[in-house]
Structure formats: C-alpha cells, structure tokens
Amino acid sequence: MKRTYRISFSALVSQLREDRSRWFLWYPVLVGLGIALFFSLKWQPGPVWLAVLVPFLAGLIALWRRDGSGAKILLTAGLLVSIGFSASIVRTIVVAAPVLQAKEVTTVTATVLEKSTGYKRARVLLGNLEFSDGDAVPPLEYIRLTSRSNMDAVKPGQQIRVKAVLLPPPAPAYPGGYDFQRHSYYQSIGAVGYSIGKFKILGENAGIQDWFLRRSPEVRNNIAEFVLHHMPPENAGFIVAIMTGDKDAIPQNQLDDMRQSGLAHLLAISGLHMGMIGGLIFFASRLLLVLSPYVALYYPVKKIAAVIALFGLAGYLFVSGMSVSAVRAYIMISAVFTAICFDRTALSFRMVALAALVILLLFPESLITPSFQMSFAAVFALIALYETIGPRLSAFARSGGLLRRIVAYIFGIILTSLVAGLATAPFALYHFGQIAAYSLIANLLAVPIMGLWVMPWVIVSFLAYPFGVVAPLVMTGAGIDLILAIARETASWPGAAQYLGTFGTLQLVAITLTCLWLIIWRRGARWLALPAAFLTFLTFFQDRTPDILMAESGNLYALHTEHGELYLSSRRAEKFEAERWQLILGQHLVGRKHLPLACDPYGCVYRDEGMIIAFPETVGAIEMDCLRADIIVSRFPVRGICPHPRLVVDRFDLWRRGAHSLYLGGSGGIMVESVNELRGDRPWVPHRYRESPYREGEG
C-alpha cells in the first residue's frame, strides 16, 4: 500500500510538470489569492508591508539556475501572492481620500464631472469641491448627488453651486453583504446625498483642464439626451444603457424583468458588448478590405481589420465613461485582437489569464466584485468548452450545407448559454441569492437578436449621431422591443426567479479553486477536483442562516424561524435592506400570525427555544424588558442597569457596528455578528467603530 501511494504521488507530480505550459494560468489565481488575503484582513496594512516581496524575490534570484526545483516553484507562488497583496496596498494608497463620517447639510460649489440622466431624476458626480464656511465637512475628493431640480440645465464641465444633504456612503445591508462603502472608497467618493435646492450654474467648463476628462462625460451626456429626446421611454433607457453605460433611465419594471429572466447582463457594458462591437467592426472592416483584390493579395487584411477594431473599441470605451467594468472588458477583448496582430491564438486560456493579470494589478478591488467574477467564470468555462468540442462542431458545420450550419449555430448558442449559466450560477447565488430558472430559454432567444440586430444598429447610430439622424436608433429600438418582450414573458412564468439564499465566502473560494483545477489541467491530475467538489458540497448542509437581522437604523428587524418563515417588522422602512435580506435568506415573507410573536404599542416579544427576545418600541418598555427578556434588541439607547438580559443590542451598538445578525443556539447559546466587526478597522469603515463590548447582562 505504501509503495502504491508513492507511485501515485510521483505520477501526479510528473503529470503536473509535463503540463508546464498551463502553469501560467495559475499566475492570476495566485495574485488573486494575495488580493483576497488583503481584503480579508480586519486591519489596514501600511506601506511597510510592501517589503513582503523581498524574501521571495531574493530567494528566486538565489535559485535562478535551478530550473524546476520545488523550492523555486514555492518561491514563485509566494512572490505572486505577495505581488497581489502589495498591489492592493498601493491601490489603496493611490485612491485614498477623506470619507464623510456623519450627515451634513451644506452648500457646495463644485465642478460637474459626470451626469447620469433619467426621466424623473438625475445623478451627478462632483469634484473640485468647496463647502460653506463653518460647515464641518472634511476636504472630500468627490461626492455623488441625486436631484430632481432643474437637471436639464446642468451639463458635465460646468461649475455649479447647490445646497445639499450629504451622507456617508451606505454600509452593507447585513454582515458579510456587499460593501458599498468600500466600492465608493476605491472611486475616491467620500459622500453621497441629494440636493435640497436648485442648481446655480456659475460657469462653463470650469475646473477641468484635461481634454479627455472634459469631453468624455460631455459626449456621453449629449448622446443620452439625444436618445431620450427622440426615442419612446419604453426602450430609450435600454438604448442609453448599451451606448453610454448609464442605466438611470431604465424603468424599474424592465430592470426586474431583465433580472428575473436572466438577461440583466445585456444592460451593462461588459465583455459581451465589447466583443460584439469589436467583432462586428473586425468582420465588417475585413469584408470591405477584401473587396479590393490588390489589398487582399498584398496587405495583411486580417491584422489591419484587428487594428481598426481596436480603435473602434477605444472609441466605445471613451463614450462609455471608462468605468472599471468597461475597462476590464476592453482589456479582455483588446487582448484577442492584439493576439491576431501577432499571429497568436485569439481565444485561449493564456490570453484570458494575461487579461486577468493586468486587471488585477491595475484594479485589485475588482476581484471581489460580481462583474469580474462572473465575466471571467463565463469566459474560462466557454474556452474550455471550445477546446473540447469546438473543432468537432466546426467540422460538422463545414461538412454539409446550409441546414447543418443552422443546426450547428443553434446548438452552439444553446450549449454556450447553458455552460455560461452554470459557470456564473455560484457567483449569482453568492452575491444576489437568486437565479433565473428560464435563463437558458431567454438567452437563446435574446442574444442572437442582440448580436445580429441591435449591436450592428448601435454602431450605425454612433456614426449617424453627429448628423442628427434618428433612423438607426429606431431600428435599434425595434430589436430592443423584442428583447424586452422576451424578458417580460419569461419573467412572468411560474418560478422564474428562484430565491435559494446565499452561502459563505470560503465555500465560494473552494468552488472557484476546484473548478479552476478541473479546467486548467489536462491530464489525470485534474480529476482530483471531484472529491474536493464533493467535500465542498457537504459543507452546504452545515450552513446556518441568521435567526434575527437588525438594520443599522434600528427601524427594521427580521425574524427567520427554523421552518423557513421570514417576518419583517415593517414593509415601509429600509426597503433596500428588506429586499437584500429576503434574497440572502431565500424565503418569502409571512405575517406575524405565523410566528410566536406577541406585539402591543410598547413593542414585540418573540419566543424561541425557551428564550425571550424583546424589541421595545418605547423607552418606557425597556425597563419592563430588562426584567424578563433574555435578549433585547432596541432602536433606543438602553441606559442604566439592565439585570436580566444575557445580551443587549441598542441604538449605540447599531450606530457603532452597523447591521447585526443573531444566531440562536439550541442550548441557549447566542452568536452575534455585525457589519463593522467583520470588516474591522479599514479606511472605508466609519471611524465611530471601536472595539467596545456589548451590554451583556450582568448575565
């Protein structure tokens, strides 16, 4: 038995060494592990931690001539992890900007950098900020305001003055939820808010000296207003979204339909849109060039078309506002056309790995965003599919007539949608707690319309816009109407949106690494992923969902029973938090009568496993609850002596620590999680968070 084990292990190592051509694919994975390590910390590493690179680099230099040694492999892996960790530190320092700590009402003078336009409201990104004298507002870098007043007159590049309510960026809706404060921090946005007066325009194109920073938002805004003015509201928002990346004009019912049908990815400028635009420009340019026999014979037509496509993609990126997701998609698709220019395989794991490596080094924070995870998961899975059955499907299509080509095309779309859906499903569940049951059908019908009709007319619309021609937009809208009809129909089917709840971060990491191991290696070693996948699957049965959730404001709490029932204390307060809670728990709402919950004007009392949990609604009720309750969760401060409760979570705890999750053990144990305790002391976490104990009763 012992000898068999050694032979098997030796064979495994031998297979991995023989598969050395695939080692590069692990480089972005290891860099990503370093980035994940940085964001998992509860404290902020300073610049001194950049020295973590030194020992690995020194070790590699010392072992430079020992090719293939185990020590060299380990040092290389350590160096890549430390590079990801260091890139995160550098990026955090570069984007560092003050963050508002508390609500402020002030008059701000600023320059409009970006504008997102809707029918009822608009949002502006403001820079070059000056605040009223005497207001306790830190020197913020950027702020984002929402307004419903005279927004038609406001344009990017203008200097304006407005009275506004400023708030800190919103915290996660629940412990472990998506961190909007972190997202804002890496955009150097220190506050969000809304205007409480009209904008006063002080000047034009003030404060923006850089031509690109001035022209890009201006062009986006002009295109958006042109579309909104000439197209009906039913499809104008969709058109603006795929042309400029601004989704504010899309009606909420359309957004819901697109999400529940699995077509929401068509709304965001991503790899799909960049790929369609680049591919259309590439094939159209190549077709026009080969119309001339002289050019086709004496010039590298394919490479010229690839260069033209690169310039076209750069223009699309310019108009889209260069968001992180758009830049990421541009890098990915540009890698494809660059590979064509150098006679390399356009769609390969190596090119995707290179694109991922560049993105992670430039924008380390993108690793923990759903768009990055889902887009690369889909691309990796599709390339693996292409390597497996692509040549056979192409041979089948070429071996017959038109009928075989049609069958191959339809089969390719079905298989592509199925594989991409399966690859992105874990990430969709982790971030959103839901999947679209009929996504395959919806994408099978909508994606061909998007690629063969909508995006070609989008290109024509861009070309016709400087001349004020509306006809291409009308043709674009006709295709979008069909896509919206497909989304509306599939979203109306029974069980279209499956609310399955979310799961832990470690499980997502395990799923990702297991799938990468299976996809990257080509020899027998790849099948080691199967037992790892089985063990990961077993951990899902050990997951626990919170029994009680409490919003940071204290105005909303939720109860989740062992029977899978979810009760919300209010259907009006904190609607965003309520929606997120329902998604992560994967349950439908029930009324009070379904629960052992007794309420009166003074508050509510919930009984679970012999424990009494009190939710007082008045200050006077706190005194009574302090004499009988095991747990008190109060949106008011609990002052003085409270002898009986084993745990007290009051207004000050919610203010310091953010939203809370409570887990009630069967033996009377209590586990508490809070937003800020999970995040720790990071630059994007409000300063009011301090390590201070909960009020545990004198029990």
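I looked up how α14 and α15 run relative to each other: their axes cross at roughly 160°, and the two helices are therefore roughly antiparallel (angles over 145 degrees). The helices are DSSP runs of H or I, at least four residues, numbered from the N terminus; α14 covers residues 370-398 and α15 residues 402-432. The axes, lines fitted to C-alpha atoms over the stretch in contact, come within 9 Å. I noted a right-handed crossing of α14 past α15, the near helix being turned clockwise from the far one by less than a right angle. The contact of this pair has 21 nonpolar, 5 polar and 3 charged residues.

This is a predicted model, in which local features need pLDDT of at least 70, side-chain atom pairs count only at 80 or more, and totals for chains, interfaces and linings use all residues. Residues are numbered from 1 along each chain as its sequence is written, and side-chain values use heavy atoms, without hydrogens and water.

Next I checked the nonpolar cores (buried nonpolar side chains joined through atoms within 4.5 Å). The largest has 99 residues, and Phe-238 and Ile-483 touch the most other members. Beyond four places in sequence, Ile-483 touches residues including Phe-238, Met-258, Ala-446 and Val-454 (heavy atoms within 4.5 Å). A second, separate core has 21 residues, among them Val-108 and Ile-160.

Outside four places in sequence, Ser-116 is in contact with Ala-122, Arg-123, Asp-246 and Asp-248.

Technical notes:
Axes are lines fitted to C-alpha atoms, for helices over the stretch in contact, and angles run from 0 to 180 degrees between N-to-C directions. Angles under 35 degrees count as roughly parallel, over 145 as roughly antiparallel, 65 to 115 as roughly perpendicular and the rest as oblique. Ala, Val, Leu, Ile, Met, Phe, Trp, Tyr, Cys and Pro count as nonpolar, Asp, Glu, Lys and Arg as charged, and the others, Gly among them, as polar. Buried means under 20% relative accessible area, exposed over 50%, partly exposed in between (1.4 Å probe, protein chains only).
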